[in-house]
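Hi there,

Here is the structure I promised to pass on. Have a look at it first, and then read my notes below.

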Amino acid sequence: MALLNWVRGKLHIRAIQVPARLDRVLRYGRYVLLTLILFQTIASVQLWFGNYDPYKTIFGLDWLFNFNLATSWITYLLALIVLTASLFVERAWCRYACPLGGAISLLGKASLLRIRRTEDACKSCAICDKPCPVKLNVSTAKTISSDCIGCLACVDSCPRPGALEATLAPVWLDSLRSRLHRTHTTAQEVSHAR
Ligand code: SF4
Ligand code: SF4
């Protein structure tokens, strides 16, 4: 897909910026496809989707040497949709449909590596957003989502010491911390009100 980014640059096509809320919703597409593949693979007792995988279709070059529209039109259509979408939306397949990315994201929820942004040290320059291969909004998040693949490109790019750091803490610890903080704040408010 880096090749498509290059092609887009050469053709001077401006990438569509997907609004953050829509981006969050569309990322669930990876889980939907992953579930469908697991379900179909178990039901048919054979690896399903291999014949439709756009990556395999495009780079396998079967379309070049054994082109057969009658039997493989769905496969070609899917590859064409992914190619077209990726020309206009950066890494469209990886962000919204890749089942492997969905599985990695699910595993990422258990990962100990977390990227944290410290608001006091951050100057909101958004430099860290640019190198992120999965297009996460690093510059506005406090703790980066489990979609992070841990490449640390954002941390390397940040010019402010201490603003962006990789720490070892699972994501559930964050929700536990914020829940405890909320409970503590509510308890304090109740005791002040008495
Ligand atoms: S570590 Fe890599 S994938 Fe994760 S937020 Fe930073 S740039 Fe993105
Ligand atoms: S690059 Fe560093 S300072 Fe700039 S927005 Fe990102 S975290 Fe903040």
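**What I found**

Helix 3 (residues 29-44) and helix 8 (residues 99-108) pack with their axes 8 Å apart, at an angle of about 105°. That makes helix 3 roughly perpendicular to helix 8 (a word used for angles of 65 to 115 degrees). Helices here are DSSP runs of H or I with at least four residues, numbered from the N terminus. Axes are lines fitted to C-alpha atoms over the stretch in contact, and angles run from 0 to 180 degrees between N-to-C directions.

Before going on: this is a predicted model, where local features need pLDDT of at least 70 and side-chain atom pairs count only at pLDDT 80 or more, while totals for chains, interfaces and linings use all residues. Residues are numbered from 1 along each chain as its sequence is written, and chains are lettered from A and ligands numbered from 1 in the order in which they are written.

On helix 3, Arg30, Tyr31, Leu33, Leu34 and Ile37 meet Pro99, Gly101, Gly102, Ala103 and Ser105 of helix 8; contact means C-beta atoms, placed from the backbone, within 7 Å.

Now the ligands. Around ligand 1 there are 15 residues, with Cys132, Cys148, Cys151, Ala153 and Cys154 nearest. Ligand 2 is surrounded by 14 residues, the closest being Cys122, Cys125, Cys128, Ser139 and Cys158. A residue counts as near if its C-beta atom, placed from the backbone, lies within 6 Å of the molecule.

Cys154 also touches Ile115, Cys128, Pro131, Cys132, Val138 and Leu164, leaving out residues up to four places away in sequence.

Enjoy exploring!

Technical notes: Contact = placed C-beta atoms within 7 Å. Helix = DSSP H or I, 4+ residues; strand = E, 2+ residues; numbered from the N terminus. Parallel < 35°, antiparallel > 145°, perpendicular 65-115°, else oblique.
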